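Please look over the sequence and the structure shown below before reading on.

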Amino acid sequence: MKDLGNGEYQETGVAITSRYQSSGIGKEVSFLMLDYVFNTLKGEKFICECMENNVKSKGLIKLLGFKLFDTYSTVSYYDNLKHVIECYYLDKETYFGFINR
């Protein structure tokens, strides 16, 4: 996790091997990360990114209440292909509203 200053934090990458995808591990890791940012660090905003075509990540991001705020293109060093990256944020008010419903 990266501290961007002014109460903003950004995840630096979460990967769940295909064997454990759809098992709830990603959701649990996300809840733990968000709890740490908003309750322990007293953060104001959490930012995450995912590739435009990563349906599972986007589903979890939207389930957690994140909102899309930017996109950009980059060439991946894994496959040397161009990918569109979507940037999302979650503010503390939305987070606390989500966990208290």
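With which residue does Glu-8 form a salt bridge?

## Basis of the model

This is a predicted model, in which local features need pLDDT of at least 70 and side-chain atom pairs count only at pLDDT 80 or more, while totals for chains, interfaces and linings use all residues. Residues are numbered from 1 along each chain as its sequence is written, and side-chain values use heavy atoms, with hydrogens and water left out.

## Salt bridges

The partner of Glu-8 is Lys-45, and the closest N and O atoms of this salt bridge are 4.0 Å apart. Because Glu-8 belongs to strand β2 and Lys-45 to strand β3, the pair ties together parts that are 37 residues apart in sequence. A salt bridge here is a side-chain nitrogen of Lys or Arg within 4 Å of a carboxyl oxygen of Asp or Glu, and the structure holds 3 of them. Helices (H or I, at least four residues) and strands (E, at least two) are DSSP runs, numbered from the N terminus.

Another salt bridge joins the side chains of Lys-92 and Glu-44, at 3.1 Å from N to O; this pair links distant parts of the chain, since Lys-92 is in helix α3 (residues 92-99) and Glu-44 in the loop between α1 and β3, 48 residues apart. Glu-86 and Lys-58 also meet through their side chains in a salt bridge, at 3.4 Å from N to O, and as Glu-86 lies in strand β5 and Lys-58 in helix α2, the pair ties together parts that are 28 residues apart in sequence. Glu-86 is buried, with a relative accessible area of 8%, and Lys-58 counts as buried at 17%, where buried means under 20% relative accessible area, exposed over 50%, and partly exposed in between (1.4 Å probe, protein chains only).

## Sheet and helices

The 5 strands form an open sheet in the order β1-β2-β3-β5-β4, with mixed pairing; two strands pair if DSSP finds at least two bridges between them. Its edge strands, each pairing on one side only, are β1 (2-5) and β4 (67-75). Strands β1 and β2 (residues 8-10) run antiparallel and are joined by 3 bridges, and Gln-10 in β2 is the bridge partner of Lys-2. Strands β4 and β5 also run antiparallel, with 8 bridges between them, and Thr-71 has Glu-86 in β5 as its bridge partner.

Helix α1 (residues 25-40) lies across β2, β3 (45-51) and β5 (82-91), running at about 150 degrees to β3, whereas helix α2 (residues 55-63) lies across β3 and β5, at about 160 degrees to β3. Contact means heavy atoms within 4.5 Å, and axes are lines fitted to C-alpha atoms, for helices over the stretch in contact, with angles running from 0 to 180 degrees between N-to-C directions.

## Loops with positive phi

Most residues other than glycine have a negative phi, and most peptide bonds are trans. Asn-6, in the loop between β1 and β2, has a positive phi near 55 degrees, and at 77% relative accessibility Asn-6 counts as exposed. Ser-22, in the loop between β2 and α1, has a positive phi of about 65 degrees, and Ser-22 counts as exposed at 70% relative accessibility. In the hairpin of β4 and β5, which has 6 residues between the strands, Asn-80 in the turn has a positive phi of about 60 degrees.
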